[in-house]
Amino acid sequence: MGAGASATINSDEVTSLSAETGLPKATVRRLHKRFVLLDRSGDGTLGQEDLSGDFPAAPAEYTPAVRAIIGPLYRCGFEKNAKNQLTFPCFLRTLRIFAR
C-alpha cells in the first residue's frame, strides 16, 4: 500500500491488513472507504487539515462521529508518519481497539 491509501484497495492489501489487525476483511474494506472520504487532500493520508472544520465529502451522518471520535483520536493517540499524518494502516491499527 505504500505511504498512503488510494481510492481502491486490492485483495492482497485487505488480506494482509486483516491478518495484522484481526479485523474481518469486510471491515477493512468498509473502513478504507471511510478513510478515503475523510482524505480531503487526496494524498492518501489524514492530516490535521483533513480532520478540521466541516466534512463536505462525508455523508452528513459521519460528521458528528468524525468530530466526536476521529478528531480527538488523531490529536492524542493515532500512530502517525514522520510528517504527522495518519496512513490507512495506522488508522486501522488504532480503530481495531473498538472491535474488541
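Student: What makes Phe-35 count as buried?
Tutor: Keep in mind that this is a predicted model. Buried means under 20% relative accessible area. Phe-35 has 0% relative accessibility, so Phe-35 counts as buried. Phe-91 is buried too.

Student: And how do you know that Phe-88 is buried or exposed?
Tutor: Same test: its relative accessible area is 0%, so Phe-88 is buried.

Student: How many aromatic pairs are there?
Tutor: The count comes to three.

Student: Why is the pair of Phe-35 and Phe-88 called edge-to-face?
Tutor: Ring centres have to lie within 6.5 Å to pair, and planes over 60 degrees apart count as edge-to-face. Here the centres are 5.5 Å apart and the planes sit at 70°, so the pair passes on both points and is edge-to-face. Phe-35 lies in helix α2 and Phe-88 in helix α4, so this pair ties together parts that are 53 residues apart in sequence.

Student: What about Phe-35 and Phe-91: what are the values for that pair?
Tutor: Those rings are 5.1 Å centre to centre, with 65° between the planes, and the pair is edge-to-face. Phe-91 is in helix α4 while Phe-35 is in helix α2, so the pair links parts 56 residues apart in sequence. Ring pairs join Phe-35, Phe-88 and Phe-91 into a cluster.

Student: Which residues have the most contacts inside the largest nonpolar core?
Tutor: That core has 16 residues, and those with the most contacts inside it are Val-28, Leu-31, Leu-46, Phe-88, Phe-91 and Leu-92. The elements giving two or more residues to this core are α1 (11-21), α2 (25-38) and α4 (88-95). Helix α4 gives the most, with five residues.

Student: What does Leu-31 touch, leaving aside neighbours within four places in sequence?
Tutor: Leu-31 is in contact with Leu-23, Phe-88, Phe-91, Leu-92 and Leu-95. As a general point, nonpolar side chains tend to be buried together in soluble globular proteins.

Student: Okay, now Glu-49. Where is Glu-49, and why is it called partly exposed?
Tutor: Glu-49 sits in the loop between β1 (45-46) and α3 (62-76). Buried is under 20%, exposed is over 50%, and partly exposed is in between. Glu-49 comes out at 47% relative accessibility, so it counts as partly exposed.

Student: What does Glu-49 touch, not counting residues up to four places away in sequence?
Tutor: Arg-40 and Ser-41. As for Gln-85, 36 residues away along the chain, its C-alpha atom is separated from that of Glu-49 by 9.8 Å.

Terms used
Residues are numbered from 1 along each chain as its sequence is written. This is a predicted model: local features need pLDDT of at least 70, side-chain atom pairs count only at pLDDT 80 or more; totals for chains, interfaces and linings use all residues. Side-chain values use heavy atoms; hydrogens and water are left out. A nonpolar core is a set of buried Ala, Val, Leu, Ile, Met, Phe, Trp, Tyr and Cys residues joined through side-chain atoms within 4.5 Å. Buried means under 20% relative accessible area, exposed over 50%, partly exposed in between (1.4 Å probe, protein chains only). Helices (H or I, at least four residues) and strands (E, at least two) are DSSP runs, numbered from the N terminus. Contact means heavy atoms within 4.5 Å. Rings of Phe, Tyr and Trp (its six-membered ring) pair if their centres lie within 6.5 Å; planes under 30 degrees apart count as stacked, over 60 as edge-to-face and the rest as tilted.
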